[in-house]
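Please take a moment with the sequence and the structure below before reading on.

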Amino acid sequence: METSKHFTLDESFDFKIIKDLSLDELNTLSNEVRELIIDRCSEFGGHLSSNLGIVNLTIGLFRSFDFDRDKVIFDIGHYTYAYKILTGRPLRNLRLENGTDGFQRMSESKYDFYDAGHSSTSISACVGFAKARDFKRENYHCLAVVGDGGIANGLCFEALNNLIVDNTKIIIILNDNEMSISPTIGGLSCILKGIKYNPFASYVFKDANFEYIGPVDGDNFKEMAKAFERAKKTKRSVLVHVKTKKGLGYKYAMEDKVGEFHYVNPFEKSTGHPKRNFKAGLISFSETFANLLDEEMASNRNAVAICPSTTVGASLTDVFSKYPLRTFDCGISEEHSAVFAASLGVNGYHPYLFMYSTFLQRAYDEIIHDITRLNVPCTILIDRAGLVGADGETHQGIYDDSFFFSIPNIALAMPHDVEDAKKLFKIAKTYEHPFAIRFTPNYKYEEDDFVSTKPIKFGAWDVVKKSKNKKNIILSLGPHINGIYRAFKDNDEVTIVNALFMKEYNEEEILKLSKYKKVYVYDPYGVETGFCSNILLNLNKVGFKGKIRTRAIPLQYITKGTKAEQEKRISVDVESFIADFNDFINQ
Ligand SMILES: Cc1ncc(C[n+]2csc(CCOP(=O)(O)OP(=O)(O)O)c2C)c(N)n1
């Protein structure tokens, strides 16, 4: 296994050797694990900084625990690269269809004890593991490793609240690198910083009826071993506070104070710059909405913006630093952010609430109970709608439209290009009720794309191309409209309609649709219980007599791959649609 302090980090690596390594050897192992992480991320992309920061802590865990018996659950699961490497998964084809997953996956290894992707579930899951252990009268340690960003989310507080009155013992390892995606925000991070300077602050944890150990230097193997051995012996649950450095070992990641190396696309190791120009030919909806927000903030003192923890990915860093008093990154806090937005709406402000589709799921109740029930002006900008590619099943942005269809008072729209986006945003600014706009992060621009020159009216669909008769109609939405347009622009028996308004569209749109003999509804951005089902329902209501076919994302969890692969796998790509549509109209 080991040849003169060089480790073979492949499927044959046996983590049991870690317990016998000298301090020098541990440092060599840690450098080599970091090198492999940098190599793989530079080739495939991934969560670089968090993974570099946690390597020594992970090695420290292997020295003190035995994961053939003990169970560890990593919060979010995005910083498990070192853990994967040390359990014989050297990140081959990282995040590709047949490669290593970017998160912990029970289906991938017996050492991944739980699945995650969304933040702050680790302590709750760990309490469940510990309860099951106690029920079965078994004897092993249950650990939750959680970041200083993740632990500030309400879900962790619910778990801690439960734990305080429970005699189940778990070990919480707080991986404190003072960063979430960007620098950690909020009161808890001040308390954590305070512990470093003022040991009395640690009583915040002690008072909560579990032990507190720390702060421990996460680069010091001896200190970690001492702390972990102590944690193993405590009777009560215990929190070990470990200080780590995000980006450790890679110059550009260490210098990053904004969060740009938290998640990277493939990059040149020597410069830290993206390998291919990922933006070539791509138009960013995220940047478009960030610029529209900037203009609105400048002209309207009542505009406020909220984005829980994803400001970098949503291209909001500049506008948030330009208007610090009216913009809020509240940390990982989707539920709080939604209620915060609703209450600003009640008080006469117009909140712009930016969330990724997948994380908006956390705010489902607050959207019903607060934003839409109170029916306040609130624009929800839903980024990363549709299939997301490499992040896989925990991050797909395909459920939001389906859940909006069961909620009153909220309009939902989707632009197919930047011009649509601008027109929809203009409507949202003066709309007095909740209005959600969902969009893919970007789309590929082609010279012969369809561009609408007409103004948009609230609730109206956009006719992309009209046929000479009422035989066939395609109702679709989002950037794939361009591919449909290219395929059928010269077919005078096909009408194409861009359903800009997916919800709260005018009744007359359904009446017009029902006049056609064959209707095909194609929604490659949402599950089949969303827009497609809604059109079926409404056509039924008006007594539609023709034929109808639908194509949307089936109700399955869609695992990682590139977006194109995922679309093909479930047959929602434009080519599959075109073939099926031709079959439909030729029957
Ligand atoms: C509910 C939810 N909201 C947002 C995210 C996006 N996200 C992924 S990693 C991350 C930062 C986590 O910070 P921390 O827990 O401190 O870990 P670090 O990456 O700094 O090591 C965020 C916000 C998420 N995964 N889940």
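**Around the ligand and beyond**

The shell around the ligand draws at least three residues from each of two domains, domain 1 (2-255) and domain 2 (282-444), where the domain bounds come from an automatic or database domain assignment. The model is a predicted one, in which local features need pLDDT of at least 70 and side-chain atom pairs count only at pLDDT 80 or more, while totals for chains, interfaces and linings use all residues. Residues are numbered from 1 along each chain as its sequence is written, and side-chain values use heavy atoms, with hydrogens and water left out.

In total, 23 residues surround the ligand, and the closest are Ser50, His78, Gly149, Met179 and Glu334; a residue is near a molecule or strand if one of its heavy atoms lies within 4 Å of it. Sorted by class, this shell holds six nonpolar, 13 polar and four charged residues, where Ala, Val, Leu, Ile, Met, Phe, Trp, Tyr, Cys and Pro count as nonpolar, Asp, Glu, Lys and Arg as charged, and the others, Gly among them, as polar.

An N or O atom in the side chain of Asp148 is 3.3 Å from a ligand oxygen, an N or O atom in the side chain of Asn177 is 3.0 Å from a ligand oxygen, and for the side chain of Lys246 the corresponding distance to a ligand oxygen is 3.0 Å. Of the 580 Å² of accessible area that the ligand has on its own, the protein covers 98%; accessible areas come from the Shrake-Rupley method with a 1.4 Å probe, and for residues only the protein chains shown count as cover. A polar contact, in the sense used here, is a pair of N or O atoms within 3.5 Å; within protein, one must be able to donate a hydrogen and the other to accept it, and residues adjacent in sequence count only if both atoms are side-chain atoms.

Helix α1 (residues 23-44) contains Ser42, and a polar atom of the side chain of Ser42 lies 2.8 Å from the backbone oxygen of Asp39. With a relative accessible area of 5%, Ser42 is buried, a word that means under 20% relative accessible area, whereas exposed means over 50% and partly exposed in between (1.4 Å probe, protein chains only). Helix α3 (residues 55-64) is largely enclosed by the rest of the structure, because nine of its ten residues are buried; among them are Val55, Leu57, Ile59 and Phe62. Helix α16 contains Asp401, which is buried at a relative accessible area of 0%, and the C-alpha atoms of Asp401 and Lys512, 111 residues apart in sequence, are 23 Å apart in space.

The backbone also deserves attention. Most residues other than glycine have a negative phi, and most peptide bonds are trans. The peptide bond from Gly214 to Pro215, however, is cis, with omega near -5°, and Pro215 lies in strand β6 (residues 211-217). Leu91, in the loop between α4 (81-86) and α5 (122-135), has a positive phi near 60° and is buried at 0% relative accessibility. Arg384, in the loop between β12 (378-383) and α16 (400-404), likewise has a positive phi near 60°, but Arg384 is partly exposed at 24% relative accessibility.

Ile283 belongs to strand β8 (residues 282-284) and is partly exposed, with a relative accessible area of 25%; Ile283 and Thr440 are 157 residues apart along the chain, and their C-alpha atoms are separated by 10 Å. Thr550 belongs to strand β21 (residues 547-553) and is partly exposed at 34%, while 38 Å separates the C-alpha atoms of Thr550 and Leu155, which are 395 residues apart along the chain.

How many disulfides does a search of the whole structure find? It finds zero, a disulfide being a pair of cysteine sulfur atoms within 2.5 Å. The sulfur of Cys142 has its closest cysteine sulfur in Cys126, at 5.3 Å, which is too far for a bond, and Cys142 is buried at 1% relative accessibility. The sulfur of Cys330 is likewise too far for a bond, because the closest cysteine sulfur, in Cys307, is 9.0 Å away.

Technical notes: Helix = DSSP H or I, 4+ residues; strand = E, 2+ residues; numbered from the N terminus.
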